[in-house]
Amino acid sequence: MDDLSRVFDALANEHRREIIWLLALQPRSISQLAGLRGLSLPAIQKHIRVLEAAAMVRRRKLGRTTFLALEREPLMRLQ
């Protein structure tokens with residue numbers, strides 16, 4: 001699958017689109033995303049793996065907490 005197809009595949013899901021929207025506002029921890037969406041941690045992590053495969057999010061670990069930030073470049077390629 002090429003890069004553009006991964007981006008479209010990632011955006012095909014409503015939960016992943018909302019995660020992208022939330023991360024566009026500010027970086028968030030995985031547990032914050034799960035709490036905001038009412039999804040379990042395993043469900044959020046599944047969505048995050050798809051977003052990471054499309055290079056749309058970046059992980060950063062601070063202590064025991066993993067934060068996610070939006071990578072805007074893949075979205076810019078859609079223009």
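Biologist: Leaving aside its neighbours within four places in sequence, which residues is S29 in contact with?

Modeller: Contact means that heavy atoms lie within 4.5 Å. By that rule S29 is in contact with T65, T66 and F67, once its neighbours within four places in sequence are left aside. This is a predicted model, in which local features need pLDDT of at least 70 and side-chain atom pairs count only at pLDDT 80 or more, while totals for chains, interfaces and linings use all residues. Residues are numbered from 1 along each chain as its sequence is written, and side-chain values use heavy atoms, with hydrogens and water left out.

Biologist: Is S29 buried or exposed?

Modeller: Buried means under 20% relative accessible area, exposed over 50%, and partly exposed in between, with a 1.4 Å probe and protein chains only. S29 counts as buried because its relative accessibility is 4%. Its side chain also makes a polar contact with the side chain of S31, at 3.2 Å. A polar contact is a pair of N or O atoms within 3.5 Å; within protein, one must be able to donate a hydrogen and the other to accept it, and residues adjacent in sequence count only if both atoms are side-chain atoms.

Biologist: Which strand holds S29, and what is the order of the strands in the sheet?

Modeller: Helices (H or I, at least four residues) and strands (E, at least two) are DSSP runs, numbered from the N terminus. S29 lies in strand β1. Strands of a sheet pair through backbone hydrogen bonds, either parallel or antiparallel. Two strands count as paired if DSSP finds at least two bridges between them. Here three strands form an open sheet in the order β1-β3-β2, with antiparallel pairing. β1 (28-29) and β2 (57-62) stand at the edges with a single partner strand each, so one side of each has no neighbour in the sheet.

Biologist: How many bridges join β2 and β3?

Modeller: Six bridges join β2 to β3 (residues 65-70), in the antiparallel sense. Two pairs can be followed in the structure: R58 has A69 in β3 as its bridge partner, and R59 has L68. The hairpin of β2 and β3 has two residues between the strands, and G63 takes a positive phi near 65 degrees there.

Biologist: Which helix packs on the sheet?

Modeller: Axes are lines fitted to C-alpha atoms, for helices over the stretch in contact, and angles run from 0 to 180 degrees between N-to-C directions. Helix α2 (residues 14-25) packs on the sheet and touches β1, β2 and β3; its direction makes about 90 degrees with that of β3.

Biologist: Which residues touch the most other members of the largest nonpolar core?

Modeller: A nonpolar core is a set of buried Ala, Val, Leu, Ile, Met, Phe, Trp, Tyr and Cys residues joined through side-chain atoms within 4.5 Å. The largest one has 18 residues, of which L23, L33, I44, L51 and M56 touch the most other members. Two or more residues come from each of α1 (3-11), α2, α3 (30-37), α4 (41-53) and β3. α2 gives the most, with four. Not counting residues up to four places away in sequence, L33 touches I19, L22, L23, R28, I44 and L68.

Biologist: How many helices and strands does the protein have?

Modeller: The protein has five helices and three strands, and along the sequence they follow the pattern α-α-β-α-α-β-β-α. Buried residues make up 32% of its 79 residues.
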